[in-house]
Amino acid sequence: MNKKDSTRVWKDLGPAAENGLFDRRAFFKGGSVLAAAITGYTIAKPLQAQTLSDDPWSGSAGTPSGPYETRSRFENDVVRTMTNPNGEPRSQQSRTPHHMLDGTFTPNGLHFVISRSGSPDIDPEQHRLVIHGLVKQPLVFTLESLMRYPMVSRMHFVECGGNSAPMWSPEPLDADVQGLHGYVSCAEWSGVMLSTLLEEAGIDPTAKWLIAEGSDSLALHRSIPLSKALDDAMIALYQNGEKLMPGNGYPMRLLVPGWEGNMNVKWLRRIELLDQPAMSIYEARTYAPILPGGKAYQFYFLQEVKSFITRPSPGLSMNGQGLYEISGVAYSANGRISKVLVSADGGQTWAEAALQEPVLSKAFTRFRIPWQWDGGPAVLQSRAWDEAGHVQPTRSEIVAARGEASRVPSLNGFPSQHYNGPTSWQIDQAGEVKHVYA
Amino acid sequence: MFMRNAEYLAILAAGLFFLASTNSYTQTPNLGMPIDEQDIAAWDIDILPDGTGLPLGQGTAGEGKIIYEQKCAVCHGVNGEGGISPALAGGDPLSNGIDTGKTIGNFWPYATTIFDYTRRAMPWFAPRTLTDNEVYSLTAYLLVLNDIINEEVVMNANTLPEVRMPNRDGFIVRFPERTP
């Protein structure tokens with residue numbers, strides 16, 4: 001389609017906010033016409049089309065598809081960034097490259113992983129899950145036996161409580177979306193509802209909590225309210241249709257949808273029902289953020305509503321004026337995303353983005369909005385609302401309530417946790433995208 | 001044995017009501033194998049803040065210092081001041097900033113967590129190899145390094161839960177409505 005046609009489509013709908021944001025319905029109305037007019041972020045636009053000829057790869061039969069498909073060699077730089085690739089004695093993190101992905105599911109090889117001491121090499125036939133404590137009958141399950149249970153499949157994000165921690169810096173860190181927000185991912189998890197197994201063991205009425213414990217070298221454990229366990233917790237066995245990746249808990253992990261990543265205990269081997277929380281190191285110390293004045297929050301379970309723009313974003317520079325799609329992800333522990341607003345002028349005016357269907361509870365929702373970049377300076381932001389009525393607080397609201405780091409941290413540092421404010425991308429006239437505070 | 005789809009989905013949808021009732025959830029295969037608590041003992045290692053789970057045995061800081069220097073100091077520093085691994089003693093006042101380094105002395109609300117974590121996770125390359133007496137001794141030593149108990153105090157299943165940590169009251173529950 002030529003540019004003239006697409007121009008008419010978006011002009012009809014008119015601007016929805018300052019600095020080039022169009023009505024989100026422009027895409028639906030324009031359909032493929034508009035989509036075809038969108039300029040890629042990194043693809044240089046040739047002055048004129050080349051004469052087409054048969055491609056070298058078409059001249060003979062291709063490579064046979066192997067038993068497990070691997071991606072095109074041209075995609076090999078779509079990788080996680082790692083904080084401890086050699087497994088030194090300290091925790092290790094791998095971040096999801098959000099700016100290289102689209103849609104709402106994180107491919108299994110790119111799902112973020114944080115582990116305190118690496119992934120155990122678990123033989124699924126030897127692995128056992130025990131449920132005991134305040135139950136009528138302690139029970140042991142093999143993986144084989146769990147495979148016989150009724151299963152459910154649900155789309156859920158998992159986010160580390162420390163995701164977005166660089167945003168606590170008093171000055172904006174020069175980082176991309178992967179560096180800032182790489183410790184959240186979303187997958188379809190399939191498995192057995194924990195309530196089914198607890199009911200089989202018989203819940204003692206005095207039970208209020210349970211601990212979930214892994215079979216990693218540190219035997220990581222977390223306390224979880226029984227009410228959450230009975231609400232929507234799952235023993236997940238599959239991730240995006242295949243068995244869990246080792247870094248995500250093979251052969252089984254606890255999934256507590258929307259709650260702090262560390263509580264979704266991987267390599268799960270033991271569940272004990274209790275009348276009190278265990279005050280494990282991770283709830284008593286690690287995931288208890290310090291507040292201004294010196295008190296600390298305890299049991300900061302929920303990963304509250306958050307969104308960030310993935311395209312454009314640092315590393316994906318603009319390539320000339322024209323129409324672009326702004327796209328990103330939004331999610332909340334409090335249910336479905338109800339609305340995402342996008343600003344191109346640093347938060348002065350806002351337009352509503354389109355939400356990609358289906359919009360699911362406690363899962364990534366992709367938002368998209370057309371944007372006409374006129375080549376001038378711009379600051380892009382997104383702000384999300386969830387169906388429970390919560391909205392992402394502004395950065396200044398967060399700093400007023402929670403403070404900020406006393407000095408500029410490294411990108412790998414965790415000065416505090418649970419930052420859910422907006423992220424600002426500044427675009428200069430050369431089309432470079434940079435993280436700023438606005 | 002196989003249910004029709006609609007019936008099966010109705011059972012899935014009704015799952016929560018089943019749980020609310022006192023009847024057991026009869027629609028599962030019931031494949032959990034009964035096991036006695038004594039057969040779980042090797043895995044049942046969590047220590048609760050009221051002392052539940054603490055084993056027999058005891059230890060003092062003097063014994064703990066010897067073990068610490070052999071098995072811990074290489075990573076955590078000779079006096080717990082930190083090294084390639086986190087500091088286990090000292091620490092600034094938490095009012096210094098939200099990024100203040102957390103230590104046993106300035107942050108941990110319960111002494112039982114020291115026993116629990118040391119026994120389950122340390123030393124890094126050989127977790128769960130310390131004897132219970134060694135863990136009591138190391139716990140006593142870490143408490144002495146943080147000026148929380150005196151050197152002569154014996155740590156055991158009775159005395160450890162009684163230790164009052166300096167930051168015991170330093171916490172605000174973030175979501176009280178979801179925290180039993």
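Predicted model: local features only at pLDDT ≥ 70, side-chain atom pairs only at ≥ 80, totals over all residues.
Which residue just after helix 9 of chain A takes a positive phi? Gly403(A) does, at about 80°.

Helix 9 spans residues 395–402 of chain A. Arg395(A), Ile398(A) and Arg402(A) are its buried residues. An α-helix has 3.6 residues a turn, so residues three or four places apart point the same way. The buried residues of helix 9 pack against strand 16 of chain A, residues 296–298. The other side of helix 9 carries Ser396(A), Ala400(A) and Ala401(A), which are exposed.

Now step back to the whole of chain A. It has 9 helices and 25 strands. Its C-alpha trace spans about 75 × 65 × 40 Å along the principal axes. A compact globule of 438 residues would have a radius of gyration near 22 Å; chain A has 23 Å, which agrees. Of its 438 residues, 59% count as buried.

Next, a sheet. Five strands of chain A form an open sheet in the order 20-19-23-24-25, with antiparallel pairing. Strand 20 (351–352) and strand 25 (433–436) stand at the edges, each with a single partner strand, so one side of each has no neighbour in the sheet. Strands of a sheet pair through backbone hydrogen bonds, either parallel or antiparallel. Strand 24 (residues 424–427) pairs with strand 25 of chain A over 4 bridges. Within this pair, Gln426(A) has Lys434(A) as its bridge partner.

Beyond its neighbours within four places in sequence, its contacts include Leu129(A), Leu146(A), Val192(A), Met252(A), Leu268(A) and Ile271(A).

Charged side chains come next. Side chains of opposite charge can pair when their charged atoms come close. The structure holds 24 salt bridges over all chains. In one of them, Glu260(A) meets Arg222(A), with the closest N and O atoms 3.1 Å apart. This pair links distant parts of the chain, 38 residues apart. Glu260(A) sits in the loop between strand 14 and strand 15 of chain A, and Arg222(A) in strand 11. Both residues are buried.

Arg336(A) and Glu387(A) form another salt bridge, the closest N and O atoms being 3.3 Å apart. They too link distant parts of the chain, 51 residues apart. Arg336(A) is in the loop between strand 18 and strand 19 of chain A. Glu387(A) is in the loop between strand 23 and helix 9. Are these two residues buried or partly exposed? Arg336(A) has 39% relative accessibility, so it counts as partly exposed. Glu387(A), at 45%, also counts as partly exposed.

Asp116(B) and Arg120(B) meet in a salt bridge of 2.8 Å, N to O. They are 4 residues apart in helix 6 of chain B, so about one helical turn separates them. Asp116(B) and Arg120(B) are both buried. They also belong to a network of salt bridges with Glu213(A), Arg270(A), Glu272(A), Asp44(B) and Asp46(B).

Finish at His221(A), which lies in strand 11 of chain A. At 2% relative accessibility, His221(A) counts as buried. Which residues does His221(A) touch, not counting residues up to four places away in sequence? Among them are Glu213(A), Asp46(B), Asp116(B) and Arg120(B), each a member of the salt-bridge network. Ile211(A), Ala212(A), Ala278(A), Ser280(A) and Tyr282(A) also touch His221(A). The C-alpha atoms of His221(A) and Arg270(A) are separated by 9.0 Å, although the two residues are 49 apart along the chain.

Definitions and conventions
Residues numbered from 1 in each chain as written. Chains lettered and ligands numbered in written order. Heavy atoms only, no water. Pairing = 2+ DSSP bridges. Helix = DSSP H or I, 4+ residues; strand = E, 2+ residues; numbered from the N terminus. Contact = heavy atoms within 4.5 Å. Buried < 20%, exposed > 50% of the residue type's maximum accessible area, 1.4 Å probe, protein only. Salt bridge = Lys/Arg side-chain N within 4 Å of Asp/Glu carboxyl O. Rg over C-alpha atoms; globule rule 2.2 N^0.38 Å.
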